Amino acid sequence: MMLFSPRRLGVVLAVMVLPIITYALGLYDIAQRFDMTGSVVPVVIGQAMLATPIVFIVVSAGLAGRDPLLPRAAASLGAPGYAVLLRVELPLLRVSIVAAA
């Protein structure tokens, strides 16, 4: 089962294709408009923009490798949605999340 259609995946991964200088120039322009040129905020935003596609790929691989019936089994045993997320999904994705960080 595909998590995203090829078109949506292309849009998400297009961030990796764009040159880094484009990010820098755009972020610098926005930082100037909001008078944040000497702040750490544009650096944090820029790093987050560059890391997001890599994190997406790593966590998506972790999602593809897990058994899709485990959350259903937990829900069928009466676990609410937050419990399924916290006690089933996140422990299964822990390695992927740590690797992406």
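Predicted model: local features only at pLDDT ≥ 70, side-chain atom pairs only at ≥ 80, totals over all residues.
**Salt bridges**

Let us start with charged side chains. How many salt bridges does the structure hold? There are two salt bridges, and the table sets them out.

| Salt bridge | Closest N and O atoms |
|---|---|
| Arginine 33 with aspartate 29 | 3.2 Å apart |
| Glutamate 89 with arginine 66 | 3.1 Å apart |

Take the pair of arginine 33 and aspartate 29. Both residues sit in helix α2, which covers residues 20–33, and they are four residues apart. Because of that spacing, about one helical turn separates arginine 33 from aspartate 29. Are these two side chains buried or exposed? Arginine 33 counts as exposed, at 65% relative accessibility. Aspartate 29 is partly exposed, and its relative accessible area is 33%.

Now turn to glutamate 89 and arginine 66, whose closest N and O atoms are 3.1 Å apart.

**Two packed helices**

Here is a handy idea for looking at helix pairs. Two packed helices are described by the angle between their axes and the distance between the axes. For α4 and α5, the angle is about 160 degrees and the axes are 10 Å apart. Since angles over 145 degrees count as roughly antiparallel, α4 is roughly antiparallel to α5. The crossing in which α4 passes α5 is right-handed.

**A nonpolar patch on the surface**

Which residues form a nonpolar patch on the surface? They are Tyr82, Leu85, Leu86, Leu90 and Ile97, and together they have about 490 Å² of accessible area. Look at tyrosine 82 as one of them: it lies in helix α5, which spans residues 81–100. Tyrosine 82 has a relative accessible area of 59%, so it is exposed.

**Isoleucine 57**

Isoleucine 57 counts as partly exposed, with 38% relative accessibility. Along the chain, isoleucine 57 and leucine 13 are 44 residues apart, and their C-alpha atoms are separated by 8.6 Å.

Technical notes: Residues numbered from 1 in each chain as written. Heavy atoms only, no water. Patch = residues over 30% accessible without salt bridge, like charges linked within 9 Å, V, L, I, M, F, W, Y side chains within 5 Å. Areas by Shrake-Rupley, 256 points an atom, 1.4 Å probe, with all protein chains shown as cover. Salt bridge = Lys/Arg side-chain N within 4 Å of Asp/Glu carboxyl O. Helix = DSSP H or I, 4+ residues; strand = E, 2+ residues; numbered from the N terminus. Buried < 20%, exposed > 50% of the residue type's maximum accessible area, 1.4 Å probe, protein only. Axes fitted to C-alpha atoms, helices over the stretch in contact; angles between N-to-C directions. Parallel < 35°, antiparallel > 145°, perpendicular 65-115°, else oblique. Left-handed = near helix turned anticlockwise from the far one by under 90°.
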